[in-house]
Amino acid sequence: MINVAVLGYGTVGSGVVEVINKNQDIVNKRAGQEIKVKYVLDLRDFPGDPVQEILVHDYNIILNDPEVDIVVEVMGGINPAYGFVKSALEAGKSVATSNKELVAAHGAELLKVAKNNNVNFLFEASVGGGIPVIRALIRSLTADDITEITGILNGTTNYILSKMSAEGSDFDSVLKKAQEKGYAERNPEADVEGYDACRKIAILTSLVCGKQVDYQDIYTEGITKITDTDIKYAKAMGCTIKLFGTSKFEEDKIYSMVAPFVIPTDHVLGNVNDVFNGVFMHGNMLGDTMFYGKGAGKLPTASAVVSDVVDEAKHMGKNIMTIWEEEKIELGNILERKCKFFARVKSSKADVENTFGAVTYVEIPDVTDEVAFVTDVISEGDFQEKIKNLDLVSRIRTTL
Ligand code: HSE
């Protein structure tokens, strides 16, 4: 029997207990032995919930119990999660976590601690919610040189953008719905400002390089400046707006960023809507591959966490090799990254053409007091310099 302790009985923690209970037979069969939740740690009490019988408020009870084989950390945030996880690994317990903040900041170190103690530190749910993207990347795509990862990596913002686009709903009311559905972070700024997607692309990029990519180095822009008018322009172009986390691996440089992009609806990620995430990767042998599924929410996320528990149960006493060293990678300067831009300006077409040369204009019926256009491919730095000549309303990068 494998004894599990779950740290945190919030949305994901209660989902983990539910998945293990509901799918007991199948989980036990696949783990090769019985998986039992021995403890749940939370500061709160849950009167009337059967979890109350196994609830503890003191982490040391779990840490000092030699019967606990696997610790599931689903508390979120760096502290106290970091200390709890590290001490569990040092005590010879494997850890499964959904905590992207923790993994992005300390993943390399915690993998090393796991290896030194012959246990495992797995974090499938930290990127893409229920989509098995990390296991695929590090255990299946091992024959390829990955040249690009581009993903819709945040369920909350994708839900907001999808509803704004399909139903014309306003930002605040859709965000509230996303919170009610358990998609949003405790502080939704992490979703809407792109910080959550930033940590996720940092994790994926680190795993591709096998070295540390600091999320603080990744240029990050959220969706708070996207307006109804931007969405109308996108529709007029046969496009949609999506928040991308993207890394391009070019010869000796890696360009990573998080930002909204105007993309054609027939782009591989163009129909990834609502809470779904999509992760596109290109390998030099495989070509394009794409992963799709629910990127947030109680049961999809818990499903990925429990899949790690099963994997750890199957690898008791054996460390699964994951290459992610603490040595830091310097990212390429984002000003050198090239793409097209969709821009709206309060300037004349003559000024636009004097500045950018030939552009493609976009018009929508109800907006007549501005000029909207798509540039040719241009570096971020050049665009920033040139746009200073015009009276900018807004700009969004585009894959057009
Ligand atoms: N707030 C996150 C999201 C949860 O919306 O994607 C899953 O990581």
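Reply: Helices here are DSSP runs (H or I, at least four residues; strands are E, at least two), numbered from the N terminus. This is a predicted model, where local features need pLDDT of at least 70, side-chain atom pairs count only at pLDDT 80 or more, and totals for chains, interfaces and linings use all residues. Residues are numbered from 1 along each chain as its sequence is written, and side-chain values use heavy atoms, with hydrogens and water left out.

Me: Is helix 4 itself mostly covered or mostly open?
Reply: Mostly covered: of the 10 residues in helix 4 (81-90), seven are buried. Buried means under 20% relative accessible area, exposed means over 50%, and partly exposed is in between (1.4 Å probe, protein chains only).

Me: Which ones are buried in helix 4?
Reply: Ala81, Tyr82, Phe84, Val85, Ser87, Ala88 and Leu89.

Me: What does Tyr59 touch?
Reply: Leaving out residues up to four places away in sequence, Tyr59 touches Leu7, Leu41, Phe84, Ser87 and Ala88. Contact means heavy atoms within 4.5 Å. Tyr59 lies in helix 3 (residues 59-63).

Me: Why does Tyr59 count as buried?
Reply: Because its relative accessible area is 6%.

Me: How do helix 6 and helix 10 cross?
Reply: The axes of helix 6 (residues 133-140) and helix 10 (residues 195-209) come within 10 Å and cross at roughly 10 degrees. Axes are lines fitted to C-alpha atoms, for helices over the stretch in contact, with angles from 0 to 180 degrees between N-to-C directions. The two helices are therefore roughly parallel; that label covers angles under 35 degrees, with over 145 roughly antiparallel, 65 to 115 roughly perpendicular and the rest oblique.

Me: Which residues make the contact?
Reply: Ile134, Leu137 and Ile138 of helix 6, with Ile203, Leu204, Leu207 and Val208 of helix 10.
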